[in-house]
Amino acid sequence: MAVWSPVSETLFYRQNGDVWQWTQTAGAQRYLPGVNWYYPTFSADGSRLAYAVPRADGLHDIYLIDMAHGGSPQLLKGARNLPVFLNSTQLWYWSEGNGVCGPGVSHPLIYDFADGTETGSIVDQVIAVWPATSSIF
């Protein structure tokens, strides 16, 4: 569960229950202690970093970091998983209303940062986008 920053030579990765960042000049440094992230994804312009975190009930929450302004992680949406930035202003993810295998409740959504809306998506799965700033595999 590693991802390169699209605007700097920084690698972010999960190791032993923490998220670390690595640069050639500074080496490895703990970035998010105690965060066991999945599916990290950067916006194309590098201004946002989103990722999923498993919950005790088996569902996931999506967190967002404002990388442009040095923000701390903020809960974006609960019961969501598999985030992938489509571009700098739209984040695709999968709802988990009654769990991933819930009866007809889980479906793909797109969150628009421009107006804070969440709408349904006709795209069932996003593996990667170009420019390649994230991938769920």
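Arg48 sits over the face of Phe113, 4.2 Å from the ring centre. By "over a ring" I mean NZ of Lys or CZ of Arg within 6 Å of the ring centre and within 35 degrees of the ring normal. Arg14 does likewise with Tyr38: the arginine lies over the ring face, at 4.5 Å from the centre.

Before going on, the ground rules. This is a predicted model, where local features need pLDDT of at least 70, side-chain atom pairs count only at pLDDT 80 or more, and totals for chains, interfaces and linings use all residues. Residues are numbered from 1 along each chain as its sequence is written, and side-chain values use heavy atoms, with hydrogens and water left out.

Now the rings. How many aromatic pairs does a search of the whole structure find? It finds 9. Rings of Phe, Tyr and Trp (its six-membered ring) pair if their centres lie within 6.5 Å; planes under 30 degrees apart are stacked, over 60 edge-to-face, the rest tilted.

Take Phe12 and Tyr31. Their ring centres are 5.1 Å apart and the planes stand at 65°, so this pair is edge-to-face. Phe12 belongs to strand S2 (residues 11-15) and Tyr31 to strand S4 (residues 27-32), so the pair ties together parts 19 residues apart in sequence. Strands here are DSSP runs of E, at least two residues, numbered from the N terminus; helices are runs of H or I, at least four.

Buried or exposed? The cut-offs are relative accessible area under 20% for buried and over 50% for exposed, with partly exposed in between (1.4 Å probe, protein chains only). Phe12 is buried at 3%. Tyr31, at 23%, counts as partly exposed.

Phe12 has another partner, Phe42. Those centres are 5.6 Å apart, with planes at 55°, so that pair is tilted. This pair also links distant parts of the chain: Phe12 in strand S2, Phe42 in strand S5, 30 residues apart. Both Phe12 and Phe42 are buried. Put together, ring pairs join Phe12, Tyr31 and Phe42 into a cluster.

Phe42 takes us to the sheets. An open sheet of 4 strands runs in the order S5-S6-S7-S8, with antiparallel pairing. Strands pair if DSSP finds at least two bridges between them. S5 (38-42) and S8 (74-78) are the edges, each with a single partner strand, so one side of each has no neighbour in the sheet. Neighbouring strands are turned by 25° against each other on average, direction ignored. Axes are lines fitted to C-alpha atoms, for helices over the stretch in contact, and angles run from 0 to 180 degrees between N-to-C directions. S5 and S6 (residues 48-54) are antiparallel and joined by 3 bridges. Phe42 has Leu49 in S6 as its bridge partner.

There is another open sheet of 4 strands, ordered S9-S10-S11-S12, again paired antiparallel. Its edge strands are S9 (80-85) and S12 (117-120), each pairing on one side only. Here the twist averages 30° from one strand to the next. Between S10 (residues 90-95) and S11 (residues 108-112), which run antiparallel, there are 5 bridges. Leu91 stands opposite Tyr111 in S11.

Last, the whole chain. How many helices and strands does it have? The chain has 0 helices and 12 strands. Of its 137 residues, 44% count as buried. Take contacts (heavy atoms within 4.5 Å). Among those with a separation of 6 or more, 31% come from residues 24 or more positions apart. The chain exposes about 7,200 Å², and carbon and sulfur atoms supply 53% of that. Areas come from Shrake-Rupley with a 1.4 Å probe; for residues, only the protein chains shown count as cover.
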